[in-house]
Amino acid sequence: MINGYLDQLHFGDLLQWFQMGRVRGRLTLTCRHGERRFDFRNGSVCFVSSTDPEERLGSWIASRDLVDHARLRRILAVAMLRRELFTDLLLAEGALEDVALKTTLTELAEAITGKVLLSPGVEFRFDPDHPVLDVLGLSLDVKPSHLLMEAARRSDEREAREDDELSLIH
């Protein structure tokens, strides 16, 4: 088990270290907004999750209107009642194709990475013994370097939009 604070070890360095070491396990990041989890297999991110309501997969899918909201609520309820994985049910019921689900999860991983990079006081814990699940054969294969580059791109775009908005005000 490895743990510490991202104030002491930059998140980008940690992700690069995981990629170069081809690690397997779960990275849990804790801050005042809750917990975010990155599952790794062979140094790549294969799944992400969060306790932040905006970063929950169901909320993420709903905010993008990828699945009818009533159907999405029903699948979420069934997952909770049966204690089954939400992603398994999304695929099994044909609510999303596996390519669409992978794309959505990748976008969520990119967004979470960007938020973590900007969050102060983040504690991390890496558990190499955590069982990394394979969700009905669904597994992301996102290199940490991609997540970092995408987070930088999003940050640049956000800054450009803010600059444009400021120039309109003045």
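Predicted model: local features only at pLDDT ≥ 70, side-chain atom pairs only at ≥ 80, totals over all residues.
Residues are numbered from 1 along each chain as its sequence is written, and side-chain values use heavy atoms, leaving out hydrogens and water. Local features need pLDDT of at least 70 and side-chain atom pairs count only at pLDDT 80 or more, while totals for chains, interfaces and linings use all residues.

**Exercise 1.** Find which residues of helix α1 are buried, and work out where they lie around the axis.

*Solution.* Start with α1, which spans residues 11-20. Helices here are DSSP runs (H or I, at least four residues), and strands are too (E, at least two), numbered from the N terminus. Phe11, Gly12, Leu14, Leu15 and Phe18 are buried (under 20% relative accessible area; exposed is over 50%, partly exposed in between, with a 1.4 Å probe and protein chains only). These residues cover an arc of only 160° around the axis, so they sit on the same side of α1; the arc is that of the directions from the helix axis to the C-beta atoms.

**Exercise 2.** Describe the surroundings of Glu55.

*Solution.* Next, check its accessibility: Glu55 is buried, at 1% relative accessible area. Then look for its neighbours, which include Leu108 and Ile112 (contact means heavy atoms within 4.5 Å).

**Exercise 3.** Is Arg24 buried or partly exposed, and which residue is 104 places away along the chain?

*Solution.* Arg24 is partly exposed, with 43% relative accessibility. Pro128 is the residue 104 places away, and the C-alpha atoms of Arg24 and Pro128 are 5.8 Å apart.
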